[in-house]
Amino acid sequence: MTELARISVEQHGEVTLARLAGEVDMSNATHVAAQLLAVASGGSGALIVDLTGSEYLDSAWFRAIESVAQGLARAGRPLRLVCAPGAPTRGLLELAGMDRMLPLAASVEEALDGVPDG
Amino acid sequence: VASSRPGGSGGEGGPRDVLPAGALPGQARIEHPGELPEGRYEALVEHAPDAIVVLDLDAGRFVTANAAAERLFGLPRERLVQIGPTEVSPRFQPDGRPSREAADGYIALALQGETPRFDWVHLDAAGEAIPCEINLLRVPDPTRTLVRGSIIDVRDRRRAEEVARVLQAERDAALEQLSSILASAGDGIYGIDRDDRVTFANPAASRMLGWSVAEMVGGFAHERWHHSRPGGEPYPQSECPICAAARKGRSRTVTGEVFWRRDGGSFPVEYTCAPLLHGQRIVGTVCVFRDTSQRIEAEIARRDAAAQEAARLIAERLQIATSALSATMSVPDVAMVAVSQGVDLLGARRVELLEYHDGVLTTVGAGGDGPTPGPDDPGPAADAARSGGPVRIRSAAEWRERYPALVRRLDEGDLLPTISHPLPLGGRILGVMTLGFATAQVLDDLDLGALGSLAQQCGQAIERARLYEAEQRSGERQTFLAEASQLFSGTLEEQTVIEELARLCVPRIADWCVVNALSPSGVDTLAVAHSDPALVSWAQEASRRYPPDPDAPAGVAEVLRSGRSELIEDITDEMVTAAARDQEHLKLVRTLALCSAMTVPVSSGGRTLAAITLLMGESGRRYDEGDLRFAEDLARRAGLALDNARLYAEERRERRSASFLAEVSGALDAPLDVAERLERLVGLVVPRLADLCTVRLADPYGLPLAAVAAADPERERIARALYPRFVGPPEEAGMARVLTTVQAELVREVTDEMLQAYSPDQAFLEGLRALGPRSTILVPLIARGSAIGSMSLIAAESGRRYDDHDLALAEELGRRAGLAIDNARLLERERAARAEAEAARERVARLQSIGAALGSALGREEVARVIVAEGIAALGATAGAVALRRGDECVTLRALGYPPDLAAALERFPLSAPFPLAEAIRLAEPVWLESADSWWARFGEPRAPLPTGLALPLIVGGRAIGGIDFRFPQRERAFEDTERAFMLAFAAQCAQALERAERYEAEHRIALTLQRSLLPPPPPTIAGVTVALRYLPAGEGIEAGGDWYDVVALDDGRVGVAVGDVVGRGIEAAAVMGQLQSALRAFALQGEPPGAVITRLARFAAEVQQASMATVAYGLLDLESGELRYARAGHPPPLIVRHGGDTEYLGEGRGPPLTALAGADYEEGRATLDAGDALLLYSDGLIERRREVIDEGLRRLAQAAAGAAGAPAEEVCDRVLGALLGDRTPGDDVALLVLRRTPLQPSIHRRVAARPDALAPLRGELRRWLRAEGVSELETQDVLVACGEALSNAVEHAYREDEPGEVELWVSRDDGGLLVASVRDFGRWRAPTGRADRGRGLPLMEALMDAVDIVRERAGTHVSMRRRIEPPA
């Protein structure tokens, strides 16, 4: 089975940047959450998830990212989301009120500026 | 402002003020250059110091020879002009070449444009050879081949060289004399060079020392015979007085030492050593010695003879002094020898030699210890020079007594016993020698005698040195003048002559050389020279800051004015202080330490062209009368050269002017209009003649700017903005005055005051200053004896200054330009006349068509369009308008060609408005405006953009219902009687046509309103079909037709559609239409099949219709089956367009039109309309075209409809109408009805296993489908997520894990853009397992879609969602 979602990781000092591409639905949301938590364990600072490359997200994804946020919060680490204006899923994130739950930046640079140890 | 033009107003060389044109009315000097004076060149040649001949090569003889040539050859001019160079040259030149051959070579070079210079030997009349130097220069001449030769007699120079040779020979003779002295002397004498090598020795020395003379020369004297002291201890060379003599430059006499012979023995010697001079250089030492061994033995015996001995000693020393002095060639050399001899010979502690010249004492040289009294007066030297006898001061007390002033300068210890002895020669005193002695010793008679002798010798030496210097200087001057003449004769550039002149003078005859000339602004510095280039630029800067005062009573300005030389032999500090402008200037001049100056005029033909100032500074030299005469000689030559250069420059300029004028004429003669010619003119003038050029052309209202060009785009921009602002009465403005006086004006130097006087306000002044005019010329443009405009040439950034030549050229330019403009205008007038005749012919032809055009134009708008278009074309007008009266107002129906503001004013205007159209309507009379003046007089508007024209009332029944207006841009536009008659006839036609159109339109409006009110409203939405309707009335002016359509939805799922056409127009047709439509609707609603409906309608029509005929088509569609039944009464066949693109006319169901005669039964036709298919009903206006068979229209319709296959009904309508009618207004009414069966199938319908991993592929399919449907990316995303949520719910909650089921997705989109998505499962709903998780799905769906319905049943759950999709942009 081809991977529906792909995650690539960059480390910016203590901050971990994960770029999510592809689709997240009920079939892979739990797996994506686990992957993100695993990726975050590589650093000790904030986790930034860039959704600019994502093509489909639904409520399953919202559930998953909430669990990731809670997991990181327990370790005292913030979670930031990035989604460029005009990206396919940006409208959905706004519609679902995701931007009110988690900081939603327009670019990776903006997100890095907003977290400590960037 | 001085006229700088050579040969100008002769004696009037002084400054002349030229005021700016426009600054002071009536005072501007208007200058016209005269012709070049005849024989000018000859005059120049005549007075040249060098012999000048001009050789005509074609004739082989001289054509001109000057006075100097007469003198040189010793032949009268009448003779010289009969012969050529051969007759005054020997057959061969000194180098052996035949003279003729050599001369031809040089002449050939000159003809190639070179200026060969060569040595030549001429023969004078007596046959004596004259060594010459010749310069050849080609003389430009249109008809002859001329070469000018300037011949310099170099005999003077040769003579100077001869003197130098003689002096050299004298020096050689002196040396010979010296050697004879050496040979005969009893004492040993030898000389050593500075390396202590023996350079010469006499036989006595050889005899005493034991070496032969030959052996001695080249050996080291000290090593050989002076190596040890009398006791045998070594004598270091460093202590040897002989060796030291050359180093210290001092003479000494030594006793008590020994010289060693070759055989090893020694003998006591007494010797005197003195430095040996060559020129000013010490080249070695002379030593005179004597064996004193006998003297010691006989000392006592000889003591009596001591005095005699001393005298002999002095005589010997004098001998040395004599020989040393004889070798001196300059006064400083003399001083050097005198000082050393004074110390040696007379034992003085210090010696000073002063030169006495023209009553002035100058210290030439001094030596010894301590300061010398110098030339101070009173002082011993001055007294000695004056008295001619020695002055002795024996003690310090005597010093104080006799020269108290001088003593103050000296220290007590310096007040030595002193004697000042004059240096006499033949009764003249040439100098003074002052000697100071260490002790108060009294010089005995012998000493005094020796001093006298030395003084006499010094006097002689000074005289000789002076002579030598004078000779040398004279020789140098000759050479110098010859060089100067050469330079000048080879130069034809004025500035080069001046620069060469200045360069030549430094440093040979001056430390500084400055060349000045009078200029309009004062005194200009043309050149500055100094041997240090850095100082030159510094001096140039200084002369800019401190230019010579043009009003000073003396100095450069005075020399320039008077032409008389000035000499200041000694510049005193008082002079410097008096001349200084301020402290800084004073400081500046003082640093130059100028000590002597002379200023000579550079003149030619009695006029002073420039002044050369020669200054002595750091070298301390002083000028005398001789120098002044020399400088004057130089200046004369320079003057001729300068005049020559100017003559040449003028000649060149004349040629350039001529070619420029030729070019201008050529450019202006092209067949161009005025504007083009002017553009060419200013384009040629800038930048060659001006930096900025403007041309104004007169018209009755002023002098508007016609053309501008500037070398600098920024200046051009300024000028374009500035000059149109030019206002002011003609008597004060230069431009305008030029027009009235027809006289050119020249302003050589524009000052800021002129700009201020010229400017009407500050802004204008700032503009003028930005243009930066330096010099201007204004010339009238003259045609047929009067000025038609003016041209200004302005010199700005180039810094050029206009002179009379430029003025003359500009005047000529003005004449030619005036002529060219006049020609262009004539040409334009001729063209205009031809065009007018052509237009008249066209008008006549047009007249015939106007009636027809107006007759066929029905609507008011169309009539107005025709009126304006035809009127403009017929009259050749620029603008035209037609207006209708509405009470006290007028409304313009159409206006074309007016400027925007005028067009706006015309739109709606009161009858009282002050323009022709209003007046024509108000007065019901034509208004003819044939000139801008009459316009001005009538409407008070001086600058109307379209100042001529006509306005005519449109009269119907004696009443003006409106008016027409036509305008022209010309300032003059006559209306001939024929034209007036034509226009009045035209206006009458227009009035009728408009009246008719008004009537038609009123009726048309009523019919249209009626018809529109009868047409049904847009049909209700009927499930399963979409209907689109179009009704297009024919264009205005055409009666409303009787086309109609209707849509009837029956209760039983059937829908009826009808299109009808009542033949006939206007209100009656509309009324019939209304009745037929109502009847058909009534029959249709009863559910009758089409055949029956039409049959009943026909019967009805037979009853109601009076005269008209009507056609109709009616179709009834069963929405379920798609069956279509139809019938027609004389109507064109309906068209089916299949979803796939096939088309099919429904040709069955034919029947006759509905008429009063009808009574037949109508048959039905049948067809099937499938989902996606469209049915088209239409009236014949859609397909009929004039002069075309109806089949062609049907074919076009089918083709257009096929292109819209599968499209929504509205789109089919638009595309069909677009293809068949385009933008044109139909000639007949058009009704079109399109009924399309909505496609019923879901666009995507999938049933998949209810598993999470099935969702992604399903989404992929849905995404592709939505994209293919043209749904936007954002909407696609919304639909995907909404469906995704519904599907996720089904997968998660519908089935138990052990009983997997299926889930179904069904998404469709209808014509109207409504998207319906349906998700079904077939399991039993299970309550959500967690509260938080699924809580988000439903709100998302509701947020993303317009409506969400969820139905939960036993058989499963059905989610139905709708979303309106925006049509693609």
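Predicted model: local features only at pLDDT ≥ 70, side-chain atom pairs only at ≥ 80, totals over all residues.
Residues are numbered from 1 along each chain as its sequence is written, chains are lettered from A and ligands numbered from 1 in the order in which they are written, and side-chain values use heavy atoms, with hydrogens and water left out.

Let me begin with chain B as a whole. It has 42 helices and 46 strands, where helices (H or I, at least four residues) and strands (E, at least two) are DSSP runs numbered from the N terminus. Of the 1369 residues in chain B, 50% are buried, and buried here means under 20% relative accessible area, with exposed being over 50% and partly exposed in between, using a 1.4 Å probe and protein chains only. If we take contacts in chain B between residues at least 6 apart in sequence, 61% of them join residues at least 24 apart, a contact being heavy atoms within 4.5 Å.

Now to the meeting of the two chains. Here 21 residues of chain B are in contact with 19 residues of chain A. The buried area between them is about 1700 Å², with carbon and sulfur atoms giving 59% of it; that area is the accessible area (1.4 Å probe) that two parts lose on being put together, summed over both. In chain B, the residues that lose the most area to chain A are Arg1259(B), Gln1277(B) and Arg1336(B), which together make up 34% of what that side buries.

Three salt bridges are counted between the chains, a salt bridge being a side-chain nitrogen of Lys or Arg within 4 Å of a carboxyl oxygen of Asp or Glu. In one salt bridge, Glu23(A) pairs with Arg1263(B), and the closest N and O atoms are 3.0 Å apart. Helix 39 (1252–1268), helix 40, helix 41 (1331–1334) and helix 42 (1337–1344) of chain B each supply at least two residues of the side that touches chain A, and helix 40 gives the most, with eight residues.

Staying with helix 40, which spans residues 1273–1293, we find Glu1275(B). Which side chain of opposite charge is nearest to Glu1275(B)? It is Arg1363(B), 4.2 Å away, and Glu1275(B) is buried yet has no salt bridge; for charge, Lys and Arg count as positive and Asp and Glu as negative, while His and the chain ends are not counted. Leaving aside neighbours within four places in sequence, Glu1275(B) is in contact with Arg1363(B), Arg1364(B), Ile1365(B) and Glu1366(B).

Finally, two residues other than glycine with a positive phi. Asp196(B), with phi near 75°, sits in the loop between strand 6 (188–193) and strand 7 (198–201) of chain B. Is Asp196(B) buried or exposed? Its relative accessible area is 4%, so Asp196(B) counts as buried. Ala924(B), with phi near 55°, belongs to the loop between helix 32 (916–923) and strand 29 (927–929) of chain B, and Ala924(B) counts as partly exposed because its relative accessibility is 31%.
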